[in-house]
Amino acid sequence: MQSTAHAFKDNVGTALADPNLQDSLSKLKVGFSERRRQAAERLPEFEALRDRARDIKNHTLANLDFYLEEFERKVIALGGHVHWAPTAADARRIIADLCRSVGARTVAKSKSMVAEEIALNEHLEELGIAPIETDLGEYIIQLRHEPPSHIIAPAVHLTKDQVADTFLEHHRKLGFDKRLTERNDLVAEARYVLRQKFLDADVGLTGANFLVAETGSSMLVTNEGNADLSNTLPKMHIVLASIEKVIPTLEDAAVLLRVLARSATGQESSAYTTLNTGPKRPGDLDGPEQYHVVLLDNGRSGVLGTEMQEILRCIRCGACMNHCPVYGAVGGHAYGWVYPGPMGAVLTPQLVGVEEASNLPNASTFCGRCESVCPVRIPLPKLMRHWREREFERHLTPRAVRQGLALWSFVARRPGLYRSLTAIANRVLSLFGRADGRYRSLPLAGGWTRFRDFPAPPAGGTFHTQWKAARKRP
Amino acid sequence: MSTDRSQILNGIRRSLRRGELAGDGLKDVQSRLAQPPRGPAVARAQVAPADKVALFCQWAEFNNATVARVGAADVPDEVTAFLARNNLPANVAMAPSPLLEGYDWSSQKMLSIRRGRGEGSDQVSITGAFAGIAETGTLVMASGPDHPVSLNLLPDTHVVVLRETDIVGGYEDVWVRLRERYGKDRMPRTVNTITGPSRTGDIEQTIELGAHGPRRMHILVVRE
Amino acid sequence: MVAGVSNSSGNHRSPPRRVALFVTCLVDLFRPAVGFAAIKLLEEAGCTVEVPPLQVCCGQPAYNTGDRATTRAIAIQVMDAFEGYDAVVAPSGSCGGMLSHHYPALFDDQPALKARAENLAGRSHELISFLVDVLGIKKIATQYDGTVTYHDSCSGLRELGVKEQPRQLLGSVKGLELREMKTPEVCCGFGGTFCVKYPEISNAMVGEKSADIAATGADTLLAGDLGCLMNMAGKLQREGSAVRVRHVAEVLAGMGDLPAIGEPETGAR
């Protein structure tokens, strides 16, 4: 998709003024974090599992080439195919060619953030191949021509009424002309409409949560069952996954699964966790005739070995955004590209460029709540700070900020000067603010006083002035 | 393309500041693959054999499945009774499996059984299960001629027959069984681990059952 | 230099006696009372408190803007100013966390400075956790007549584990009733320069915080970081709230009768 990350500040304005979005976010903030907390409490080993999950991903990244080759070997041994895509364009071309090789007119897609990353739908549509999103949330936003606003709950920004309106508009031509009011009716209508599309689809395209090197399996975690229909009913199954999704063994998968579902939705286990290994076997009554895995790099190999490497541990659970107060205020669309929230604030500058996405790692208070819930313990604030350092080194930091910082730094490195200037500032602020105790507006502090009063310091001077005076007294 | 392949692999090696793995480094990862180390033991999965069944049932119900514990001779009766209790049609699609054929379905005069894969219009399916995981109340389905995957997914109601002896503690125990049964390098085409009915929280973060897969899951846990 | 006497664990033999107060730039400029409250609490706990004159700021404005060179220079300045004290105590989780958690990583490529930074880190503490965890203070003999809610400032909570310590001490204050917010652990939206770089987001966050505060019915808001306190006080006052905002050290030091943050001095409420 086209990035609007550069317009972050405008996007924020839109988001804060959208009552439906704010309504949805108020539910998200309470619901996801509370469910995660309860799930973690139900499993005493949860923290130890997080440590292990981090170690597994670190081990894999240190041996990524080996595990990718091993994975490939196993896939081929069981009759599947592996395609290597250095760039998004390569992946789009490979997938389009595969679709055309079976004369595909429709592709049943199950939710894939990597497919969003490479803008696959737009590409397929241009070629006359209809991608059909089958995850309910993805289906809703596809009908509305919107990007996902959350990596595991793509339509989390919408209310039930908005979904009802969307369905009425798009399903009327299929004979559904009643506006629904109940959630279960909306789910049932989508199920009915999509069921036929599954049965008609020529290709099923899924992402993967993990690729298991030991067995050559792609592992998919879902709740709806749409990914499983996508990998079972059509005659070709394409798995699109980025290279860091590979893990060594099924034992490692067990550890990661235990932290994934609990971190994401607070479930003990997602409803469906599926291992797909190669195409239909002799004697099987169903399953695809062809099984293809497309391995996408898109810049990830270049992140290895850098100070940003830890972001490659991410298992896309969404816990960081569910617990992020900034995400909670503005939602996912404000971030302007595929990956929102703290993990997006680290990954997006990598994938679309730091010039385009410079606001994202800056729009954080470094409150650290994301890191405190990350199942693979990614130090997200530290990585956001690294982006700020890179921006600063490359002179991308806004000029006003640089100049202000330079001035502050000049003074802060001269304690004597600093004391004099703060004493003056203290006296002035105290003198004019004393009567009210606070300022309703202040020059150069419009960002503050637009929304808040500014507390005035009480009379008597700075701490250091008072302390020095007190010392001098006998 | 082989050039794309080497571009990615060489890029990784460049970033890791090394060439292709060799020597001890290679031996280490190879032996890690050959003897996969387990993660931290989860106490809940280490339950005594006698408690496994109860734990499985507890978590399956927690995850919105219904469970009936029955003797082998009572399986067909329980299926018919379950369908009647829930006003479900007595037409079922059944997996052509030796396990299920071992029960006497001829006793169920009202029950009409079609054996084969799942179809879009199926209301009820009956399948066996490769294993049950007590830790989370999860069913493990291994695909094959005796177990079409579509039966797990297409019908509105999924009835699963699970033997008590096939209930294990944790995920790792299933991996051991899969390797024993299929060989270390040969997984079945699909292994579905299924925990309760299909669900979605995509509308206002409120769980609704029956998104694309079954909205109702009934598990018959069969005593020896 | 007396190495090894004090560290972050609470089980050393003799408590650190010679304590340096890291005043913090916000306390220095906007709320000197917090510094005097900290000194009172430390002295009553048996410490000799000094205020090293060459201290300025911990460097967070530069650090969080990505200016590593300036941050390093300021960190060295702080290490010089605080050389030789048994402990360095700040009435702020954010500045305390900067010294104890972030300085060492600034000098990964300079072993001598890294060692000095690690030494300082081992001696640096946030005030309330220093009182409770290091000095073993369990209660404070003072009085505050009011219902209080306590906001967990992010760095103190997540970098330094300050959570129960202030509640334990507040629990011993006569006349004080603690009423918890629904989400005391969620950021108030201050974030240093964040609050002026992204004022709309910051406002949404602090607006939510003020609603959470109001819902407790408490008449006083306390926290351990002046930045957060000024942010929340400013929002509450703009909304016309009567909730009074104070640093937790003021209440513990028996200075709860001072005008609250943003309150006029002559204003008899």
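Two strands are taken as paired if DSSP finds at least two bridges between them. In the predicted model described here, strand β4 (residues 203-206) of chain A pairs with two other strands of that chain. Strand β2 (residues 106-109) of chain A runs parallel to β4(A) and is joined to it by 3 bridges; within this pairing, A:Lys109 stands opposite A:Leu205. Strand β7 (residues 236-242) of chain A also pairs with β4(A) in the parallel sense, here over 4 bridges, and A:Met236 of β7(A) is the residue that A:Val203 stands opposite. In a regular strand, side chains alternate between the two faces of the sheet. For β4(A), both faces are covered: A:Val203 and A:Leu205 are buried on one side, and A:Gly204 and A:Thr206 are buried on the other.

Contacts between chains A and B were examined next. The interface brings 82 residues of chain A into contact with 65 residues of chain B. Helix α10 (residues 183-200) of chain A supplies the largest share of the chain A side, 8 residues. By class, the chain A side that touches chain B comprises 34 nonpolar, 26 polar and 22 charged residues. Strand pairing also links the two chains: strand β9 (residues 272-276) of chain A and strand β9 (residues 190-194) of chain B run antiparallel and are joined by 5 bridges. In this pairing A:Thr273 stands opposite B:Thr193. Within chain B, the domain assignment gives domain 1 (1-37) and domain 2 (40-223), and the C-alpha centres of these two domains of chain B are separated by 39 Å.

Chain C is likewise divided, into domain 1 (18-133) and domain 2 (137-252), with C-alpha centres that lie 22 Å apart. The contact between these domains of chain C takes 29 residues from domain 1 and 23 residues from domain 2. Helices α1 (25-30), α2 (32-44), α3 (60-63), α5 (93-106) and α7 (127-134) of chain C each contribute at least two residues to the domain 1 side, and α7(C) provides the largest share, 6 residues. That side is made up of 15 nonpolar, 11 polar and 3 charged residues.

Chain C also contains an open sheet of 4 strands in the order β2-β1-β3-β4, with parallel pairing. Its edge strands, β2 (48-50) and β4 (124-126) of chain C, each pair on one side only. Neighbouring strands are turned against each other by 35 degrees on average, direction ignored. Strand β1 (residues 18-21) and strand β3 (residues 87-90) of chain C are joined in the parallel sense over 3 bridges, and C:Ala20 has C:Val88 of β3(C) as its bridge partner. Helix α2(C) lies across β1, β2 and β3 of chain C and runs at about 170 degrees to β1(C). Helix α5(C) packs on the sheet by touching β3 and β4 of chain C, its direction making about 160 degrees with that of β4(C).

The largest nonpolar core has 292 residues, of which A:Leu240, A:Leu256, A:Val294 and C:Val89 touch the most other members. Helix α12 (residues 250-264) of chain A gives the most to this core, 10 residues. Beyond residues up to four places away in sequence, C:Val89 touches C:Val19, C:Leu21, C:Phe22, C:Ala38, C:Leu42, C:His125, C:Leu127 and C:Phe130. In soluble globular proteins, nonpolar side chains tend to be buried together.

Notes
Residues numbered from 1 in each chain as written. Chains lettered and ligands numbered in written order. Predicted model: local features only at pLDDT ≥ 70, side-chain atom pairs only at ≥ 80, totals over all residues. Domains from an automatic or database assignment. Contact = placed C-beta atoms within 7 Å. Nonpolar A, V, L, I, M, F, W, Y, C, P; charged D, E, K, R; others polar. Core = buried A, V, L, I, M, F, W, Y, C linked by C-beta atoms within 7 Å. Buried ≥ 20, exposed ≤ 12 C-beta atoms within 10 Å, placed from the backbone. Axes fitted to C-alpha atoms, helices over the stretch in contact; angles between N-to-C directions.
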